[in-house]
Amino acid sequence: MLKNLKQSLVLTVLTIVLFGIIYPLFIFAVGQLTPDKSIGSPLILNERTAGFENIGQSFADDKYFWGRPSAVNYNAASTGGSNKGPTNHEYLSEVNARIDSFLVHNPDINRKDIPSELVTASGSGIDPDISPEAAYIQITRVSKARNISEEKVKDLVKKNIEKKDLGFLGIERLNVLMLNIALDKLN
């Protein structure tokens, strides 16, 4: 029995050293080699951090484009989805409340035309991007709130669409923070 206890303790110590010290230090070192030193790509405006390019944020004002809802209140320190399935009554109530709220702020939109990404949280809870369709459906609200022509806002959306990676990987998308910053500069 003493032999088994000794083997267990050695394995425990080795595991702690490997996965509690060596692995985190290795990942930190790799992060330091990236262009932004793994700090989330901060966007600096007027000498202050406006947000992070890779971390979604809450925009609730009608004059801004809205991103995906977050199951973690956009807290990058505790990312994650809601883990509620599509038949969960609590989850369905949350989604229906988001749809109702979206329709209040976008009365000219039909319920069936709302892209699902605008009413469902992403797996990480901090997804910074939306599809072009999710942006186009918000143009009327944003243009009215800012008293800018819809055509001007639509052109801004078109200019901010990020194409598929390497021309064929992923989907076209818009970074909500970058789009809203460009929108503020338009005024």
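Colleague: Which side chain meets that of arginine 173 in a salt bridge of 2.9 Å, N to O?

Modeller: It is the side chain of aspartate 165. A salt bridge here is a side-chain nitrogen of Lys or Arg within 4 Å of a carboxyl oxygen of Asp or Glu. The model is predicted, so local features need pLDDT of at least 70 and side-chain atom pairs pLDDT 80 or more, whereas totals for chains, interfaces and linings use all residues. Residues are numbered from 1 along each chain as its sequence is written, and side-chain values use heavy atoms, with hydrogens and water left out.

Arginine 173 also forms a salt bridge with glutamate 162, the closest N and O atoms being 3.6 Å apart. Both residues of this second pair lie in the loop between helix H5 (150–159) and strand S4 (174–175), 11 residues apart; helices (H or I, at least four residues) and strands (E, at least two) are DSSP runs, numbered from the N terminus. Arginine 173 is buried, with a relative accessible area of 17%, while glutamate 162 is partly exposed at 29%, as is aspartate 165 at 40%. Buried means under 20% relative accessible area, exposed over 50%, and partly exposed in between (1.4 Å probe, protein chains only).

Elsewhere, salt bridges that share partners join Lys84, Glu90, Glu94 and Arg98 into one network. The structure holds 12 salt bridges. One of them pairs arginine 141 with aspartate 62, with 3.8 Å between the closest N and O atoms. That pair links distant parts of the chain, for arginine 141 is in helix H4 and aspartate 62 in the loop between strand S2 (48–52) and H2, 79 residues away. Here, too, the arginine is buried, arginine 141 having 5% relative accessibility, and aspartate 62 is partly exposed at 26%.

Helix H6 spans residues 176–186, and its buried residues are Val176, Leu177, Leu179, Asn180, Ile181, Ala182 and Leu183.
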